[in-house]
Amino acid sequence: MRKTVLSLVSITALALAGCNGSHSSQQEATGNPASTTSAAPAPAATAVSGTISLRAGSPQPSAHATLVLNLADVSSSAAGSAPLASKTSPAGTFPQPFHLSFNPANVKAGDLYVVQAVLTDGDRQYKMPIQAPVLAKGSKNDNVAIELVAEQTPGEKLLAAFKAEQDQLGVMKVTHGTKLEKDASRGWQLFRQDGQVQFIRELVDYGKDGFTSTDYAYKDGKPWVIVQQTKPSRDGKPTAIDRAGWSDDGTLVLKQHQVGSDVQPLDADTVAKLKKEATDILSMTTNGKNK
């Protein structure tokens with residue numbers, strides 16, 4: 001009887017051992033999903049996209065504006081390299097979506113990529129005050145928000161400097177003069193600083209043909225900025241305002257003809273006329289010394 005019980009225990013133990021061995025062998029053959037299976041890597045990005053908007057207060061671009069988008073590697077080791085993707089198109093209206101496709105095989109691990117946007121409208125450029133990084137850990141590749149800010153044109157910068165010069169007239173030495181001509185009566189104020197003529201303000205009464213008030217600013221004895229208002233009379237409102245100005249290298253950067261709120265480019269003949277008037281009055285009021 002004792003032998004029979006031992007035999008049954010032995011058989012049971014062998015059966016359990018067999019099952020465990022079979023289960024262990026199966027795990028070795030198939031692998032344990034819980035311990036060896038990992039998440040599949042995310043597919044490589046093939047595009048970046050988002051929205052471009054203009055900062056509040058920026059003027060809307062004209063129908064002639066152009067938008068240039070680049071997906072660029074801005075790492076120091078990639079200086080001068082071609083963009084990963086690029087697109088040039090008419091500016092259109094804002095806000096607007098954008099989409100740049102690229103070959104992921106061209107992306108270099110560890111490099112820094114950004115979306116660059118530049119909007120050009122004549123002399124005005126709109127640029128990004130904040131970079132838009134993409135293709136890096138922690139960076140978004142879609143829903144990228146880009147904001148563009150309008151920069152001052154060269155003419156606007158020059159006009160701002162001219163107005164700053166006007167604000168300093170009160171500390172300059174001033175002389176006055178008048179001249180009666182056949183068809184006009186002239187009067188002027190001449191402002192000097194450090195022995196140089198900085199500014200001339202001229203009023204010309206043409207009688208029934210109207211009135212002009214002109215501010216001439218000079219640098220190194222040469223016309224710098226000219227603003228001329230045309231009026232029906234001394235106390236009348238301006239019917240037109242012409243503005244011309246030159247950069248330090250002599251390039252004409254300010255050329256405006258304004259009637260009401262409408263501003264158009266100043267024609268070349270009027271620019272030449274204003275420049276000659278500025279040269280003539282400087283020579284006349286300084287007896288040809290130009291200072």
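Student: Which side chain meets glutamate 147 in a salt bridge?
Tutor: That of arginine 55, with 3.0 Å from N to O. A salt bridge here is a side-chain nitrogen of Lys or Arg within 4 Å of a carboxyl oxygen of Asp or Glu.

Student: Where do glutamate 147 and arginine 55 lie?
Tutor: Glutamate 147 is in strand β8 (residues 144–150) and arginine 55 is in the loop between β1 (47–54) and β2 (66–73), so the pair ties together parts that are 92 residues apart in sequence. Strands (E, at least two residues) and helices (H or I, at least four) are DSSP runs, numbered from the N terminus.

Student: How is this model made, and how are the residues numbered?
Tutor: It is a predicted model, in which local features need pLDDT of at least 70 and side-chain atom pairs count only at pLDDT 80 or more, while totals for chains, interfaces and linings use all residues. Residues are numbered from 1 along each chain as its sequence is written, and side-chain values use heavy atoms, with hydrogens and water left out.

Student: Is glutamate 147 buried, exposed or partly exposed?
Tutor: Glutamate 147 is partly exposed, at 32% relative accessible area, and arginine 55 is partly exposed at 35%. Buried means under 20% relative accessible area, exposed over 50%, and partly exposed in between (1.4 Å probe, protein chains only).

Student: How many salt bridges does the count come to?
Tutor: Nine. Four residues, Lys179, Glu181, Arg186 and Glu202, are linked in a network of them.

Student: What does arginine 186 do in there?
Tutor: Arginine 186 forms a salt bridge with glutamate 181, with the closest N and O atoms 2.9 Å apart. The side chain of arginine 186 also meets that of glutamate 202, at 2.7 Å from N to O. Arginine 186 lies in strand β10 and glutamate 202 in strand β11, so this second pair ties together parts that are 16 residues apart in sequence.

Student: And are those glutamates buried or exposed, or in between?
Tutor: Glutamate 202 is buried at 5%, whereas glutamate 181 is partly exposed at 29%.

Student: New topic! Which peptide bond is cis?
Tutor: The one from phenylalanine 94 to proline 95, with omega near 0°. Most peptide bonds are trans. Proline 95 sits in the loop between β3 (85–90) and β4 (96–101).

Student: What about glutamine 96, where is that?
Tutor: Glutamine 96 belongs to strand β4 and counts as buried, at 15% relative accessibility. A polar atom of its side chain lies 3.1 Å from the backbone oxygen of threonine 93.

Student: Where is asparagine 287, and what is its phi?
Tutor: Asparagine 287 is in the segment after α4 (268–285), and its phi is positive, about 55°. Asparagine 287 is exposed too, at 70%.

Methods. Polar contact = N/O pair within 3.5 Å; in protein donor to acceptor, adjacent residues only side chain to side chain.
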